[in-house]
Amino acid sequence: MPAYAATGVVLRRISLGETDRIITLLTREQGKLHAVAKGARKPGSRSGGATELFTLTRFMLASGKSLEIVSQCEVQESFPALRADLGLLARATYLCELADRLTEDHEPSPDMFDSLVSALYLLRRRADEPDMVLHAFELQLLSERGYAPGLGQCVTCGGDPGAQSLSFSPTLGGVLCGRCRRPMDAIPLPVTALDLMRRMACADADGIVALRGAASDLRVVGRCMKWTIRYRIDRDIKSAEFLDSLRPQGAGPA
Amino acid sequence: MLHYARPLARLVAELEKLPGIGPKSAQRMAFHFLRAPHADAERLAQAIMEVKEKIVFCRECFNFADQEVCDVCRSPKRDGTVICVVAEPRDLMAIERTAEFQGLYHVLQGVISPQEGIMPDMLKIKELLPRIQRHNTTEIIVATNPTVEGEATALYLVRLLKPLGIKVTRIAHGLPAGGDLDYADQATLISALQWRREM
Ligand SMILES: [Zn+2]
Ligand SMILES: [Zn+2]
């Protein structure tokens, strides 16, 4: 296969030998790919910046035996604002790891790519409340994988959940009305938090910029998302631990 | 399939475990030792054993040392009011080679790496605080790499130390010496602009 062009976000990278890197990319055209970037760790190398975490880069790739090979690359957006703020950096890192865990190799998913790029841009615009972007992205990513939590009707009885004594079950995958029996994992869900989650699930970029909600509701949404993701992918997202450690004591989604 | 005599095979197998050494290089090195004078081989073997037996981490700065405290920390000429924080002993050595820096060092023994699960408490970060007090340190220079992990570590130190009234600076990174402006990528140019200085 001759060299081909692909635009991708760097989700992960590991060092190879003295100066090379293996990068995991989420590309718009080809889905998730793994590629060798030769010389990327040499000082002053142009591909160094282009293969940094959560950088959006235009690549020329060639298919190798087991990995793609980077022949050229040019940074399109390095998101400098996300590298200058610890909270934003931790969130961008987490978004990349989540996207990595929720995608399969060589499975084109332009929607997921667009969501990720948009989330990286939006983090800076919502530096006031970056978790609005984070949880909206989590909801949209889950829904692109077919794991969208049920937020319309009660996931047990199918009835209108109403507004009283609601809860959210990560294992049943959605909201429960006050009349239905709750599993052990049910998280109490104020109706305002359910409303916030519904708005997040369908918000476009402008919608995410405009999202408003109480900090306490945002934390509840965070808890619902954390346990849903843990249940769906059956393993921890490592960067979540660092992100949680940065939150004020007791404010984490725990 | 040709087999080496057992001792030779063992040496090749050990050499192959070295970083950056493949089977071909391992074989070449093994044949080299086979031909080399006995004394050369012995010196190498002894040097390896000596490193294993004598090198410890400095209890002050966590640099490599052959005593409890390393040469830099022991030197009366060094100025503890400025401490340069690095990730690894090899970074300390790189700065030390410039002979420009007269302060002390602090080796974190790694960087914060959220994706690898390397958390701040796994590094020598808390050990920095008593040193700052003891030396009346006024400035911490963070000399980690300009990678996401290096930046995360630098930003974490700022968050930790700024409230204590300590000046935290970051080494400048931008265009490499002898580099070409036109060739630099966006990230490099942005940091070069950010870290500009008055002339
Ligand atoms: Zn129900
Ligand atoms: Zn020392």
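The account below begins with the contact between the chains and then turns to each chain.

A: The model is a predicted one, and what follows should be read with that in mind. In the contact between the two chains, 22 residues of chain B meet 24 residues of chain A. On the side of chain B that touches chain A, the elements that contribute two or more residues are α7 (148-161) and α8 (186-194) of chain B. Of these, α7(B) supplies the largest share, with six residues. Sorted by class, this side of chain B consists of eleven nonpolar, seven polar and four charged residues.

With a radius of gyration of 22 Å, well over the 16 Å that the globule rule gives for 199 residues, chain B is more spread out than a compact globule. Taken along the principal axes, the box filled by the C-alpha atoms of chain B is roughly 65 × 45 × 35 Å. Chain B is divided into domain 1 (6-40) and domain 2 (77-194), and the C-alpha centres of these two domains of chain B lie 38 Å apart. Both helices named for the contact, α7 (148-161) and α8 (186-194) of chain B, fall within the bounds of domain 2 (77-194).

Burial in chain B as a whole amounts to 26% of its 199 residues, yet strand β4 (residues 103-107) of chain B is mostly covered, with four of its five residues buried. This strand, β4(B), pairs with strand β3 (residues 79-86) of chain B in the parallel sense, over five bridges, and within that pairing B:Cys84 has B:Tyr105 in β4(B) as its bridge partner. As for the reach of the contacts, among those in chain B between residues at least 6 apart in sequence, 45% join residues at least 24 apart.

The C-alpha trace of chain A spans about 60 × 35 × 30 Å along its principal axes. Buried residues account for 47% of the 254 residues of chain A, and of the contacts in chain A with a separation of 6 or more, 55% are between residues 24 or more positions apart.

Within chain A, five strands close into a barrel in the order β1-β2-β3-β5-β4, with mixed pairing; neighbouring strands of this sheet are turned by 50° against each other on average, direction ignored. One of the pairings is between strand β1 (residues 4-16) and strand β4 (residues 56-63) of chain A, which run antiparallel and are joined by six bridges. In that pairing A:Gly8 has A:Thr57, in β4(A), as its bridge partner. Helix α4 (residues 110-125) of chain A packs on the sheet, where it touches β1, β2 (20-27) and β4 of chain A, and the direction of this helix makes about 110° with that of β2(A).

Key:
Residues numbered from 1 in each chain as written. Chains lettered and ligands numbered in written order. Predicted model: local features only at pLDDT ≥ 70, side-chain atom pairs only at ≥ 80, totals over all residues. Contact = placed C-beta atoms within 7 Å. Nonpolar A, V, L, I, M, F, W, Y, C, P; charged D, E, K, R; others polar. Pairing = 2+ DSSP bridges. Axes fitted to C-alpha atoms, helices over the stretch in contact; angles between N-to-C directions. Rg over C-alpha atoms; globule rule 2.2 N^0.38 Å. Buried ≥ 20, exposed ≤ 12 C-beta atoms within 10 Å, placed from the backbone. Domains from an automatic or database assignment.
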